[in-house]
Amino acid sequence: MARYVCQICGYVYDPQKGDPDNGVAPGTPFEKLPDDWTCPVCGAAKSDFAPE
């Protein structure tokens, strides 16, 4: 599973870790994140992420 990086702040979404603080279980691929998911650091939209 690919990691994705926020083009605004540099946060890396790692699917192995998920985003448990925001209800995303470990093992969730970036493509399966809800469309309204935002960067937990800066609040950027999912569309502001690119593959690492």
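Strands (E, at least two residues) and helices (H or I, at least four) are DSSP runs, numbered from the N terminus. This is a predicted model: local features need pLDDT of at least 70, side-chain atom pairs count only at pLDDT 80 or more, and totals for chains, interfaces and linings use all residues. Residues are numbered from 1 along each chain as its sequence is written, and side-chain values use heavy atoms, with hydrogens and water left out.

## The sheet

Three strands make an open sheet in the order β2-β1-β3, with antiparallel pairing. Two strands pair if DSSP finds at least two bridges between them. The edges are β2 (12–13) and β3 (49–51); each has a single partner strand, so one side of each is left without a neighbour in the sheet. Strand β1 covers residues 4–6 and pairs with β3 over three bridges, in the antiparallel sense. Valine 5 stands opposite alanine 50 in β3.

## Threonine 28

Threonine 28 sits in the loop between β2 and β3. Is threonine 28 buried or exposed? Threonine 28 counts as buried, at 18% relative accessibility. Buried means under 20% relative accessible area, exposed over 50%, and partly exposed in between (1.4 Å probe, protein chains only). A polar atom of the threonine 28 side chain lies 2.7 Å from the backbone oxygen of alanine 25. Leaving aside neighbours within four places in sequence, threonine 28 is in contact with Met1, Tyr13, Pro15 and Leu33. Contact means heavy atoms within 4.5 Å.

## Aromatic rings

A pair of aromatic rings is described by the distance of the centres and the angle of the planes. Rings of Phe, Tyr and Trp (its six-membered ring) pair if their centres lie within 6.5 Å; planes under 30 degrees apart count as stacked, over 60 as edge-to-face and the rest as tilted. The structure holds seven aromatic pairs. Two of them are set out here.

| Pair | Centres | Planes | Type |
|---|---|---|---|
| Tyrosine 4 and phenylalanine 30 | 4.1 Å apart | at 10 degrees | stacked |
| Tyrosine 11 and phenylalanine 49 | 6.4 Å apart | at 85 degrees | edge-to-face |

Tyrosine 4 lies in strand β1 and phenylalanine 30 in the loop between β2 and β3, so their pair ties together parts that are 26 residues apart in sequence. Tyrosine 4 and phenylalanine 30 are both buried. Phenylalanine 49 is buried, with a relative accessible area of 9%.

Ring pairs join Tyr4, Tyr11, Tyr13, Phe30, Trp37 and Phe49 into a cluster. Lysine 46 lies over the face of phenylalanine 30, at 5.4 Å from the ring centre. A charge sits over a ring if NZ of Lys or CZ of Arg is within 6 Å of the ring centre and within 35 degrees of the ring normal.

## Salt bridges

How many salt bridges does the structure hold? It holds two. A salt bridge is a side-chain nitrogen of Lys or Arg within 4 Å of a carboxyl oxygen of Asp or Glu.

Arginine 3 forms a salt bridge with aspartate 14, the closest N and O atoms being 3.7 Å apart. Arginine 3 is in the segment before β1 and aspartate 14 in the loop between β2 and β3, so the pair ties together parts eleven residues apart in sequence. Aspartate 14 is buried, at 14% relative accessible area, and arginine 3 is partly exposed, at 36%.

Arginine 3 also meets glutamate 52 in a salt bridge (2.7 Å, N to O). Glutamate 52 lies in the segment after β3, 49 residues from arginine 3. Glutamate 52 counts as exposed, at 57% relative accessibility. Shared partners join Arg3, Asp14 and Glu52 into one network of salt bridges.

Technical notes
A polar contact is a pair of N or O atoms within 3.5 Å; within protein, one must be able to donate a hydrogen and the other to accept it, and residues adjacent in sequence count only if both atoms are side-chain atoms.
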